[in-house]
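Me: I am new to this structure and would like to go through it one part at a time. Please show me the sequence and the model, and then I will ask my questions.

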Amino acid sequence: MFTLPLGDTAQLRPLEPRHAQEFLAHIDRARPHVDPWIPWATFSTDRASATAVLQRYADKQAGDTARIYGIWLDGTLVGGVMFTRFDSASGVCEVGCWLEAAGEGRGLVTRACRALLDWAFAERGMSRAEWWVRSGNTRSVEVARRLGMTRDGVLRKHTEYRGERHDIEVWSVLTEEWPPAAEASEAETSAGGAPVSEVKAELDRLTHTLFGAFTNTGGGLPDLGAVREVFIPQGTIIANTGGTDAGPVVYDLDSFIAPREKMLTDGTLTEFSEWEVAERTEVYGSIAHRFSEYRKSGVRDGERFEGSGRKTIQFVRTPTGWRMSSMAWEDV
């Protein structure tokens, strides 16, 4: 049995029928976080049904049509990733994930999915990997974005769950678009003594929180308060979107948030989201820099649009953790 490290105390391993009791205990802990979005946890309510779920995946793996893997943190099963569909004849697979609260905020699912996609593209010659997610499941959407996936479209009212029909977003990444930027070496350390990989995971979290603050898809509300959470109070934000003649526009946090919150809640800008598609992050002791490329889409004044741009973000390590100190961006 193979074991892949996902950090200092986390591992990715095959999840097999012999793990049924451990899997059931984990699912009981994960149920409040998983059940609102997918029926995954409802399939395992006792040891017999948990064994049946894992046995189905073992049978599908034998037929090369699906696979399932567990994520262990400090020796405890906290989540997993899987190929819910693996079609070697067509060259298309679908990746999925789930996680209990104890595993959140560490980048475990993203790293585990990267391992699966590395294998699918490099070893098995797959052409396309898909990610199906219910609209409004922002955590799952963020993983797709971190994996460099593109949203292909929305299957309207595709799936019925708990008496309601839900929109399903389909995201994908192609073999020629893989892999994303390599992660920092596990061996390097920052000025604070933490591995650079841990610092990078924290900077990833701050960046993805910032991108997600503006999302109002599926009738959801944006969370502009998150901007204040990721920045130091004196943070500066610079827009360089008007061209060289117009010059940059400089905001403090309040002047940046107010007009965007209005636009995202008064119907001017709906179904909006933006997501990172590539990044380069460098850590220098207690300061860091990130160059980010992103895409965005939404409906402005009733008309759908798509766009892209670049951000440069500076970070500082504070007594309460890493925070952003400044950001500048331009649309392209």
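This is a predicted model: local features need pLDDT of at least 70, side-chain atom pairs count only at pLDDT 80 or more; totals for chains, interfaces and linings use all residues.

Me: Is Gly-75 buried or exposed?
Reply: Gly-75 is placed in the loop between β3 (67-73) and β4, and its C-alpha atom is 16 Å from that of Arg-18, which is 57 residues away along the chain. A residue is called buried under 20% relative accessible area, exposed over 50% and partly exposed in between, using a 1.4 Å probe and protein chains only. With a relative accessibility of 58%, Gly-75 therefore counts as exposed.

Me: How far apart are the C-alpha atoms of Ala-10 and Leu-73?
Reply: Ala-10 belongs to strand β2 (residues 10-14), and its relative accessible area of 4% makes it buried. Apart from neighbours within four places in sequence, Ala-10 is in contact (heavy atoms within 4.5 Å) with Leu-4, Pro-5, Trp-72, Leu-73 and Leu-108. Although Ala-10 and Leu-73 are 63 residues apart along the chain, their C-alpha atoms are separated by 4.3 Å.

Me: At what angle do helix α1 and helix α2 pack?
Reply: Helix α1 (residues 20-34) packs with helix α2 (residues 47-62), and their axes are 9 Å apart; such axes are lines fitted to C-alpha atoms, for helices over the stretch in contact, with angles running from 0 to 180 degrees between N-to-C directions. Angles under 35 degrees count as roughly parallel, over 145 as roughly antiparallel, 65 to 115 as roughly perpendicular and the rest as oblique. The helix α1 is thus roughly perpendicular to α2, the angle between them being about 105°.

Me: Which parts of the structure does Trp-40 pair with, and how many residues apart in sequence are they?
Reply: The structure holds 15 aromatic pairs, counted when rings of Phe, Tyr and Trp (its six-membered ring) have centres within 6.5 Å, with planes under 30 degrees apart called stacked, over 60 edge-to-face and the rest tilted. Trp-40 and Trp-98 form a tilted pair, 5.0 Å centre to centre and with 50° between the planes. Trp-40 lies in the loop between α1 and α2 and Trp-98 in strand β5 (residues 92-99), so the pair ties together parts whose separation in sequence is 58 residues.

Me: Which residue has its side chain joined to Glu-276 by a polar contact of 2.9 Å?
Reply: Glu-276 is found in strand β11 (residues 269-284) and is buried, with a relative accessible area of 6%. A polar contact is a pair of N or O atoms within 3.5 Å, where within protein one must be able to donate a hydrogen and the other to accept it, and residues adjacent in sequence count only if both atoms are side-chain atoms. The contact of 2.9 Å joins the side chain of Glu-276 to that of Arg-290.

Me: Which residue has its backbone oxygen 2.8 Å from a polar atom of the side chain of Asn-216?
Reply: Asn-216 sits in the loop between α5 (196-212) and α6 (225-230), and it is buried, with a relative accessible area of 6%. A polar atom of its side chain lies 3.1 Å from the backbone oxygen of Leu-264. At 2.8 Å from a polar atom of the Asn-216 side chain lies the backbone oxygen of Leu-269.

Terms used. Residues are numbered from 1 along each chain as its sequence is written. Side-chain values use heavy atoms; hydrogens and water are left out. Helices (H or I, at least four residues) and strands (E, at least two) are DSSP runs, numbered from the N terminus.
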